[in-house]
Structure formats: C-alpha cells, structure tokens
Amino acid sequence: MSKKIMLTGDRPTGRLHIGHYFGSLKNRVKMQHEVDECYILVADVQALTDNFNNPEKVRNNVREVVMDYLSVGIDPNKATIYLQSEISEVAELTVFYSNLVTVARLERNPTVKTEIAQKRELFSESVTYGFLGYPVSQAADITAFDATIVPVGEDQLPLIEQCREIVRKFNSIYGEVLREPEAVLSSTKRIKGLDGNEKMGKSLGNAIYLSDSEEEITKKVMGAVTDPNRIRKDDKGNPDVCMVAYYHNLFSNEEECSKVCEECKLGERGCVACKKQLANNIIEFLRPMREKRAYYEEHLEEVDKILYEGTLKAKAKAEVTMRKVKEAMRLDYFNELKKIDDSFSRQ
C-alpha cells in the first residue's frame, strides 16, 4: 500500500481569518492525524508572483501565518511546516515542468483567468511570466513531496488538474516516476465576508482574523450588513439576507441560531442585540486560539525553530524526489562520474 501523503499551504500575505479556518484549517487539523505524512508550506515564492514589488510584506507575514497554524491546532510533530523558498528542488522542477505545458494551456486555466481579471491594476500592461506560470510551480510543490492528496476549494480544482496533466506528460516521456495527486474538496463552502461579499478576503476589508482582539471582533460585527429593508427595531426581518444570521449559523448552537432567526422574522429582536450576541460567540470560539497564539508571540524563537526544522525535513524529502527525476531525465551526470571516481579510489 502506498503512503497517504497530504500537501497544502498558504501564501504569507497577511494573517489568516475565519474564512481560512472553516475553509481549510479546520480540516487540516483533522487530517494531520489521518495521513502518513503531512506537509504544510508557507508559500512565500508564490506570494511574490503578485507581490514582487513588496517583498517586505511577504517576509513579515511568514511568522504570522506559522503562528496562526499553531494556534488552530496544527501539530509540528504531525505536520511538517516549511518555507517554500528554501526548497530549491521546487525551483528546479518548475523549470523542468515548464517544457511540458504550453502558454495557451496556462491561459485557458479558469483559476488563472479569474485571478488575472481580479488583479487588473497590477497587470495593467501585461501578465508576468511568473504569475501566468504559477500552476507549474504549484505542480512542482505537490510532486516534490510525492503528495497523493491535496485539500483545495472548488475554485482550485483546475490547478490540480493542470498538475495531473503535467505528471502524465512527464511519466509518458521519462517513465513512471511521479504520482498523480487527488484533490480533496472541503465540505465547507467559501465563507462570505461581513459585507455580504461572496468572498472573505484580506484585501477586501471584510474579514475577522483569528488573531483579532475582542474589541476588533465586536467593532467588525457591529458593522456587519443586515437586512436592508429592516429600518426599525420591531420591523420583521429576513435572516436569509442578513450576514449576522449567516454568521450565527457558524458560531452559535442550533437552538440559539433557530431562536435568533425566528425572533428576527417576528420583529422581536433588534439587530444591535443580535450583533452583540454574535460578537460574544465569536470571541469565545476564538479565545483558545488567541491564547495559544499569544504564547507563541512571546516565544518567537520557538516559531522559528519549528519552521527551520520543518524546512530541513521537507528539503530532505524533496531531494529524494529530485534524484529520481534527474535519473529519469538522464541529468544524473555527476552520479556516473562519482561511480567512476569511487571505483578508481578502491583500486
């Protein structure tokens, strides 16, 4: 039986929020105990594809992301947390794989097309080679660790399919060296923002971060979008168009949530009271995470040690893959020379 190896990660462009938690982090905490190997990358190289002119932003958020991982329950004894830029083998694989995919194919990738459209200001003149080709780099990330499963959201499925195509092409030319990964979809749909936007995002200003203070959480919840047709406290409301009701479904128990929605429909509960109750529920839900994160904020040397040791372990794994790849591609010249040298040394 082949090992079950999971690979996932995040770009260090800011602290992680509750959308990340319900969309991926919660599942990672569970899956780290169910797989044989678990790799979680801090994708600083990928973050530079659209932050190349702001490297400090990326660098400054590496620790933030690692502390968020640790605060939600990622266990460094179960999951290998590593820094992408220190794995040079991924850069090598990216170069090799770039010969196996056409520009036209990359331009057709639905995920890439959507993201380019969202970043029109950044790519006002034309799209960079690095951004257009990041699915190739992602394929290198996945295959460097022989990953068999990759947890993703639905919008990321085209990237996994692109990786599978590259693997098949490589194996058809060089032999059966790489394994095709399988995508594992999250059971939770993308979490909406406080403003009702279909996406909660760092750049949209509509997110509650895992590390937000009680005051920040309360302030954000009090500004959440509610039923626009409900003007007065005793007006009958529609929970289906209210973001406060939406978040009650995430952070309140079933009985409480049912009561909130029913009282809203009857006009028996005001929006202010409803928001205060929600804010308190979110604060209590995130409290253990904030407390754990506070410990690591006071012990940054432990954070750095976890990342450093994880990166060393990850690099050792990637080196094994690279030896197989170079041997298959007939790029193992010095291995042959070393054998000759060793034979002379023994004479």
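Which backbone oxygen does the side chain of Gln32 reach? In this predicted model, the side chain of Gln32 comes to 3.2 Å from the backbone oxygen of Val29. Gln32 sits in the loop that joins α1 (18-31) and β2 (37-42). Its relative accessible area is 3%, so Gln32 is buried, the cut-off for this class being under 20%. Leaving aside residues up to four places away in sequence, Gln32 touches Cys38, Gly73, Ile74, Asp75, Lys78 and Ala79.

Nonpolar side chains tend to be buried together in soluble globular proteins. The largest nonpolar core in the model has 53 residues. Within this core, the members that touch the most others are Ile18, Tyr69, Ile81, Leu210 and Tyr247. Helix α14 (residues 271-298) supplies the largest share of the core, with eight residues.

The contacts of Tyr247 were examined individually. When residues up to four places away in sequence are not counted, Tyr247 touches Ile18, Ile191, Lys192, Gly193, Leu194, Met200 and Leu278. One of these residues, Ile18, is also listed with Tyr247 among the core members that touch the most others.

Nonpolar residues also occur at the surface. Tyr333, Phe334 and Leu337 make a nonpolar surface patch of about 400 Å². Phe334 belongs to helix α16 (residues 333-346). Phe334 counts as exposed because its relative accessibility is 65%, and the exposed class begins over 50%.

Notes: Residues numbered from 1 in each chain as written. Predicted model: local features only at pLDDT ≥ 70, side-chain atom pairs only at ≥ 80, totals over all residues. Heavy atoms only, no water. Core = buried A, V, L, I, M, F, W, Y, C linked by side-chain atoms within 4.5 Å. Buried < 20%, exposed > 50% of the residue type's maximum accessible area, 1.4 Å probe, protein only. Helix = DSSP H or I, 4+ residues; strand = E, 2+ residues; numbered from the N terminus. Contact = heavy atoms within 4.5 Å. Patch = residues over 30% accessible without salt bridge, like charges linked within 9 Å, V, L, I, M, F, W, Y side chains within 5 Å. Areas by Shrake-Rupley, 256 points an atom, 1.4 Å probe, with all protein chains shown as cover. Salt bridge = Lys/Arg side-chain N within 4 Å of Asp/Glu carboxyl O. Polar contact = N/O pair within 3.5 Å; in protein donor to acceptor, adjacent residues only side chain to side chain.
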